[in-house]
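User: I am new to this structure and would like to learn how to read it. Could you take me through some of its features?

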Amino acid sequence: MQQAIIQAYRVEGRTSPRPPVGAVVVRDGHIVGAGATAPPYGPHAEIVALTMAGTQAQNADLYVTLEPCCVTIHTPPCTQAIIAAGIQRVFVAQTDPNPLVAGRGITQLEAAGISVHMQPTIEASQLIRPFTTYITTQRPHVTAKWAMTLDGKIASIAGDARWISGPESRTWVHDLRDRVDAILIGANTARIDNAQLTVRLTPEQQAISQRTTRPAPWRVVIASNGDLPEPLALLQPALAERTIIIVGESCTQQQQQRLLAFGVRVLPVANDATGRADLLAALQALAGEGIMHVLLEGGAQLLGSAFEQMCIDDAVTFIAPIVIGGAQAPTAIAGRGVAQIQHGWSLDHLRVQQSGADVMVTGTINYQAYLQSTTRA
Ligand SMILES: NC(=O)c1ccc[n+]([C@@H]2O[C@H](COP(=O)([O-])OP(=O)(O)OC[C@H]3O[C@@H](n4cnc5c(N)ncnc54)[C@H](OP(=O)(O)O)[C@@H]3O)[C@@H](O)[C@H]2O)c1
C-alpha cells in the first residue's frame, strides 16, 4: 500500500476534478504493475497498473489507495477491468466518498468472487480530503495559509509583508502550491504585494516529490469591481493565461472587457451582504471549473470573509519570531470577529512544529462554537 500511496503523491494536484489515486499490482511478492490517475480524463490508477501488468495480473493482488469505481464517469468502471484481469485479492485504503460509488465498488468486486480487504492509512485519507470536500459540498477544499509576526501582524503599518516567514517556511509553501489547483488572494494583496503566485521548487524538492509535470496552478484574485492596475504582474502575458479574476455585480461590462483584454479569465459572481463579490459563490464558480483544492493566501479581509462564511477547511500558519507593532498594521484575520472567545474558530488535528526560525501550526477548522455564536446573525 505504501507503494500505491507513493504513486498517488506523484499526481497530487494534477488530477482534478478527480482524486489522486495510486495502484500497484503484486504477483508472487513482486510489483508487476504500478500507476496513478492520469490527467483528466485519462485512465484511472487501477487501469494504468493493470495495463502495465498485462497477463501477469491473473491471480495477482491489487493495492489501491481508493475504492475502485463502479460507474462510468468519463472512463469505464474499474471494477469490470479488475474482474476481467483475473485479480484475486484487492486491498483498499479508503472507500470512495462519491455518493455514486460509496461502497458499491467493493460490493461488485466481492460479488465477482474477489476478496477485498480494507487497509486504511492516514496518508490515503489525507490524499482524498480535497476530493471529499469537493464531491460532498460542491466547492473546492480550502487550505488557508498566512504568515504572521509574534504580535499577530501579517504586514507592517506601511503594508510591507516581505518577508515575515523565513526561507524554510516559504520553501514549504511552494511545495503546497505545487499540490493545489488554485491560489486565491484578495484584491488588496494583489495590489499591494503585486504577487506572482508562481510555484518555485528547489531541485531537492523536485527530486523528492517526483511529481509529474502540470500547468501552473490557477492564480485567482477576488476583486469586486475588477479594479486592478495595469502594471500588476498577474495581468502580464506570462502569467495572465492562468489567471482568473473573480468580480462582483459592481464590475461593469466595460471593466470586464478591460480585464479580458489582458488574456485573463473573468468569473462574475453575485455580491454578498456587504456588497463585495460573494466568496462562497466564487468558490462554487471555481468548483464549476473543475478546481478541487484552493490555497487561500490572504489577506486579512479575505481570510475574515472565509472564516465567517465557514469555508476554510485547513489552516497553515507560520509564526515568525519578530514583533512589529502598530495599531493599524493588519492582523491575520479581519472581518467582524466574534464577541466572545468561546465562540472562536478552533483547530482540530493540531500540529505544531518548527520551520527554520518560525513555528508552523496546522490544523482543521472547527466551526462548532462559531455556529452557536450570536455575532453570526
Ligand atoms: N503575511 C501574510 O501571510 C500575508 C498574506 C497576504 C497578504 N498580506 C498582506 O495583507 C495586506 C492586504 O490585506 P487586506 O486585508 O487589506 O486585503 P485582502 O484581503 O488581500 O483584499 C481585500 C479586498 O478584496 C476584495 N474582496 C472582494 N470580495 C471580497 C470578499 N468577499 N471578502 C473580502 N474581500 C473581498 C475587496 O476589494 P474590492 O472592493 O476592490 O473588491 C477587499 O477590499 C497587504 O499588506 C499584504 O501584504 C500578508
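This is a predicted model: local features need pLDDT of at least 70, side-chain atom pairs count only at pLDDT 80 or more; totals for chains, interfaces and linings use all residues.

User: Is His74 buried or exposed?

Analyst: For this we look at relative accessible area, where over 50% counts as exposed. His74 has 54%, so this residue is exposed.

User: Which residue in the turn between strand 1 and strand 2 has a positive phi?

Analyst: That is Asp28, with phi near 50°. Strand 1 and strand 2 form a hairpin with two residues between them. Asp28 counts as exposed, because its relative accessibility is 70%.

User: How do strand 1 and strand 2 pair?

Analyst: Strand 1 (residues 22-27) runs antiparallel to strand 2, and six bridges link the pair.

User: How many residues of strand 2 are buried?

Analyst: Five of the seven residues in strand 2 (residues 30-36) are buried, so the rest of the structure largely encloses this strand.

User: Which peptide bonds are cis?

Analyst: Omega is the angle to read here. The bond from Pro40 to Tyr41 is cis, with omega near -5°, and Tyr41 sits in the loop between strand 2 and helix 2 (45-53). Another cis bond joins Gly298 and Gly299, where omega is about 5°. Gly299 belongs to the loop between strand 11 (293-296) and helix 12 (300-308).

User: What is Thr198 in contact with, leaving aside its neighbours within four places in sequence?

Analyst: The partners of Thr198 are His174, Arg177, Arg219 and Leu239. Thr198 itself is in the loop between helix 7 (187-193) and helix 8 (203-209). With a relative accessible area of 15%, Thr198 is buried, because the cut-off is under 20%.

User: What is the radius of gyration of the chain?

Analyst: The chain has 22 Å, which agrees with the value near 21 Å that a compact globule of 377 residues would have. Along the principal axes, the C-alpha atoms fill a box of roughly 70 × 45 × 45 Å. Within the chain, 54% of the residues count as buried, and the secondary structure comes to 13 helices and 14 strands.

Definitions and conventions: Residues are numbered from 1 along each chain as its sequence is written. Side-chain values use heavy atoms; hydrogens and water are left out. Buried means under 20% relative accessible area, exposed over 50%, partly exposed in between (1.4 Å probe, protein chains only). Helices (H or I, at least four residues) and strands (E, at least two) are DSSP runs, numbered from the N terminus. Two strands pair if DSSP finds at least two bridges between them. The radius of gyration is taken over C-alpha atoms; the globule rule is 2.2 Å times the number of residues to the power 0.38. Contact means heavy atoms within 4.5 Å.
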